[in-house]
Amino acid sequence: MNTITTKNDALEALGEQFEKDGYCVADDLFSESELQEIEVFFEEYKMMGGEVFDGGSGYEEIDASQRQVRAMHPHRYSQRAMEWFTNPKVGNTLEVLLGQPALGVQTMYYYKPPGARGQGMHQDNFYLVAMPATCIAAWTAIDDATIESGCLYVVPGSHKGDICCPEGDKAGNWMNYGDSHISKFPRETKPIPVPVRRGQTMFFGGNLIHGSGPNRTTDRARRTFIGHYVNQTTEKLAKFYHPVVPMRQEVVPSVGVYEGGGPCGDGWMGAVH
Ligand SMILES: O=C(O)CCC(=O)C(=O)O
């Protein structure tokens, strides 16, 4: 069998599913030794000061039943994390899904220990406000992510809809962890779980409604390395996601800071998500 044809067929199938459902799952973009390195790196990372974790407190102080336990933007602190962020296999897949080279804008590492809460249903581009197109996530499982340990849930096809802006009372409190900016779920919304195994990378678009379940296990973490990206013609992006990182060296990005006027109005500037 011709390997190149097989690889192209696999990429094409990913592209088709991404187009239809708003997400797809790729195999083995990271080698087993890279996965092991990521795992060890982020265990040691727990010793870092609060500024590298979401919420600004040290790893041990984070109450996993109340807040997401996650490192924010590790690529800004570590060259090795930058290399995982700009992994060429991830970059190639992104190019197929986006139809053009990608720019990296955010990294995160979710620790999701046993007992950790889930993540409310949301759309990433509510927070990133990438314009005129949307953003895309590459979410790599470091542990098997099962229904029990808190895998992602997605609403297939919801990527074709608009960003759901908060309404009424919701606007003031959407930012609570585990909450959702979506006031009224579209009637047809039916989230489905997407269990994945260690080493698989799930790609999902910035308008896709998604979230994750709690980790109901007593002994298994559900760790994930996540990169968020935009396409190279992006003109505006919320401030928190600058500076952007080209996935191809020859690309010179010209992405400005988003300053209002997007789908959720002038008062909304985007946020950490
Ligand atoms: O990994 C999770 O539990 C949630 C991740 C997520 O929602 C995201 O990266 O946008």
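Helices (H or I, at least four residues) and strands (E, at least two) are taken here as DSSP runs, numbered from the N terminus. On that count the protein chain has 6 helices and 13 strands. With a radius of gyration of 18 Å, close to the 19 Å that the globule rule gives for 273 residues, the chain is as compact as a globular protein of that length; the radius is taken over C-alpha atoms, and the rule is 2.2 Å times the number of residues to the power 0.38. The model is predicted, so local features need pLDDT of at least 70 and side-chain atom pairs count only at pLDDT 80 or more, while totals for chains, interfaces and linings use all residues. Residue numbers start from 1 along each chain as its sequence is written.

As for overall dimensions, the C-alpha trace spans about 60 × 40 × 35 Å along its principal axes. Contacts are pairs of residues whose C-beta atoms, placed from the backbone, lie within 7 Å. Among those between residues at least 6 apart in sequence, 80% join residues at least 24 apart.

Next comes the ligand. Its surroundings are Tyr 110, Gln 119, Asp 124, Ala 137, Trp 139, His 210, Ser 212, Thr 224 and Ile 226, each with its C-beta atom, placed from the backbone, within 6 Å of the molecule. Two or more of these residues come from each of β5 (135–141), β9 (210–212) and β10 (224–231). By class, the shell has 4 nonpolar, 4 polar and 1 charged residues; here Ala, Val, Leu, Ile, Met, Phe, Trp, Tyr, Cys and Pro count as nonpolar, Asp, Glu, Lys and Arg as charged, and the others, Gly among them, as polar.

Thr 224, one of the shell residues, belongs to strand β10 and is buried, with 25 other C-beta atoms within 10 Å. Leaving aside residues up to four places away in sequence, Thr 224 touches Tyr 110, Trp 139, Thr 140, Ala 141 and Ile 142.

An open sheet is built from 4 strands in the order β4-β9-β6-β7, with antiparallel pairing; two strands pair if DSSP finds at least two bridges between them. β4 (119–122) and β7 (192–194) are the edge strands, each with a single partner, so one side of each is left without a neighbour in the sheet. β4 and β9 are joined by 2 bridges, and His 122 sits opposite His 210 in β9.

Most residues other than glycine have a negative phi, and most peptide bonds are trans. Another cis bond links His 242 to Pro 243, with omega about 0 degrees; Pro 243 is in the loop between β11 (236–237) and β12 (245–246). His 73, in the loop between β2 (70–72) and α3 (79–85), has a positive phi of about 50 degrees and is partly exposed, with 18 other C-beta atoms within 10 Å.

Key
Two residues are in contact if their C-beta atoms, placed from the backbone, lie within 7 Å. A residue is buried if 20 or more other C-beta atoms lie within 10 Å of its own, exposed if 12 or fewer, and partly exposed in between; C-beta atoms are placed from the backbone.
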